[in-house]
Amino acid sequence: MDISCAFATSSDTPGHVELAESLGYQRAWLYDSPALYPDVWMVLSRCAERTSRIGLGPGVLVPSLRHPMVNAAAIAELVGQAPGRVAVAIGSGFTGRFALGQRPMAWRRVAEYVRCLRALLAGDTAQWEGAVIRMLHLPGFGAKPPIDVPILIGADGPKGLAVAGELGDGVFSAVVPQPDAVKAADWRALLAFGTVLDEGEELTSARVADAAGPAAVVLYHAMYERGGADAVDALPGGRAWREAIETCPDNERHLAIHAGHLVKANPRDEPHVAELIPLASSTALTGTPEQVGEKIGRLAAAGVTEVVYQPAGSDIARELRTFASAAGLSG
């Protein structure tokens, strides 16, 4: 079982990744949601300059945000900076598209994008939008093709897992292990959230709300976007949250929903954090150090090969250190 970390990409992320390397994390994945965070490739480049061992990669790229040549060129430069350390995850888009007022992409289009990107990285001629394209980079302009980087598919359902089985080197899922992922790939990464409790600390503490609240309230965001009113109303505090959200005009509602995503509970989320955390903690890596270690063991038994922990709240360094200790990392 690899223990990695993920970050809601920020200007402080390079320092956090440097700390994660010193603590023994295997890999650092950075989110790609430009409506919320700075450009993922710029920050990954800064991470590469400050580290020497830890794996680096975007998780997950959303194809509609960039022409495949743009991502191919970015991958080539990052591989040149951090040879042997780069992996890439690609998906259909959750917040990366919802925060722009768009639904997730069709998996057929994601598959077409991955095929094109793979061809470009191999140094082959590809077709995109009716044009023939190839990487024409001369020496000194990024790593020279063929460029071999693992590509994981961000999949949480059968269509995504089918694309992973056909085109991916692994599966990148979130929160809940996908039983069928075992059939799709040997590399099965799971994005996880939560916080390690201090001795005697309760789920009701202000520190827990600060650290675990940003992920807990994403239950509202996801349920509302994917299941509508009935789905979110079934959650603790869900009806009141929805009624507050629905005071926003339809054409701007996505802006209110996703503000602060996985960084800080937004003003409509905040009143409900305390009542939502106990439910969210049942599937999160929240608990005493011993409980967190046991939860990681259960994920391994379920077929997860890489736990990807995203720290949140106002003390990212504390979250990285306590989770590393609970997970048995030796630095």
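**Backbone, core and cavities of a predicted model**

L262 lies in the loop between helix 11 (253-258) and helix 12 (273-281). The model described here is predicted. In it, L262 has a positive phi of about 60°, although it is not a glycine. Most residues other than glycine have a negative phi. L262 has a relative accessible area of 8%, so it counts as buried, the limit being under 20%.

V175 sits in the loop between strand 8 and helix 7 (181-184). Its relative accessibility is 31%, and V175 therefore counts as partly exposed.

Cis peptide bonds come next. Most peptide bonds are trans. The bond from G59 to V60 is cis, with omega near 0°. V60 belongs to the loop between strand 3 (55-58) and helix 3 (68-81). P145 and P146 are likewise joined by a cis peptide bond, with omega about 0°. P146 is placed in the loop between strand 6 and strand 7 (151-154).

The largest nonpolar core comprises 76 residues. Y25, L30, L56, I75, V307 and F323 have the most contacts inside this core. Helix 5 (residues 107-121) gives the most to the core, with 10 residues. Leaving aside residues up to four places away in sequence, F323 touches I3, Y25, V196, L285, V292, I296, V307 and Y309. Another core lies apart from this one and has 20 residues, among them A8, A189, L191 and F193.

S92 is found in the loop between strand 4 (88-91) and helix 4 (95-98). At 12% relative accessibility, S92 counts as buried. Beyond residues up to four places away in sequence, its contacts are V62, R97, P104, M105, W107 and V110.

G130 and E202 are 72 residues apart in sequence. In space, 58 Å separates them, C-alpha to C-alpha.

The structure holds 0 disulfides. C5 is in no disulfide, and the nearest cysteine sulfur, that of C47, is 9.4 Å away. C5 is buried, at 0% relative accessibility. C248 is also buried, at 10%.

A search of the whole structure finds 1 cavity of 30 Å³ or more. The largest cavity has a volume of about 70 Å³. Its lining is formed by V171, S173, P177, Q178, A181, R188, A189, L190, A302, G303 and V304. Strand 8 (170-174) and strand 9 (188-192) are the elements that give two or more residues to this lining. Strand 9 supplies the largest share, 3 residues. The lining of the largest cavity divides into 7 nonpolar, 3 polar and 1 charged residues.

The second largest pocket has a volume of about 230 Å³. It is lined by 17 residues, of which A8, S10, V263, G313 and I316 are the closest to its centre. The lining of this pocket divides into 10 nonpolar, 6 polar and 1 charged residues.

Definitions and conventions:
Residues numbered from 1 in each chain as written. Predicted model: local features only at pLDDT ≥ 70, side-chain atom pairs only at ≥ 80, totals over all residues. Heavy atoms only, no water. Core = buried A, V, L, I, M, F, W, Y, C linked by side-chain atoms within 4.5 Å. Buried < 20%, exposed > 50% of the residue type's maximum accessible area, 1.4 Å probe, protein only. Helix = DSSP H or I, 4+ residues; strand = E, 2+ residues; numbered from the N terminus. Contact = heavy atoms within 4.5 Å. Disulfide = S-S within 2.5 Å. 1 Å grid on protein atoms, 1.4 Å probe; cavity = no way out; pocket = protein on both sides within 12 Å on 5 of 7 lines; lining within 4 Å. Points joined across faces, edges and corners; volume = space filled by probe spheres on them. Nonpolar A, V, L, I, M, F, W, Y, C, P; charged D, E, K, R; others polar.
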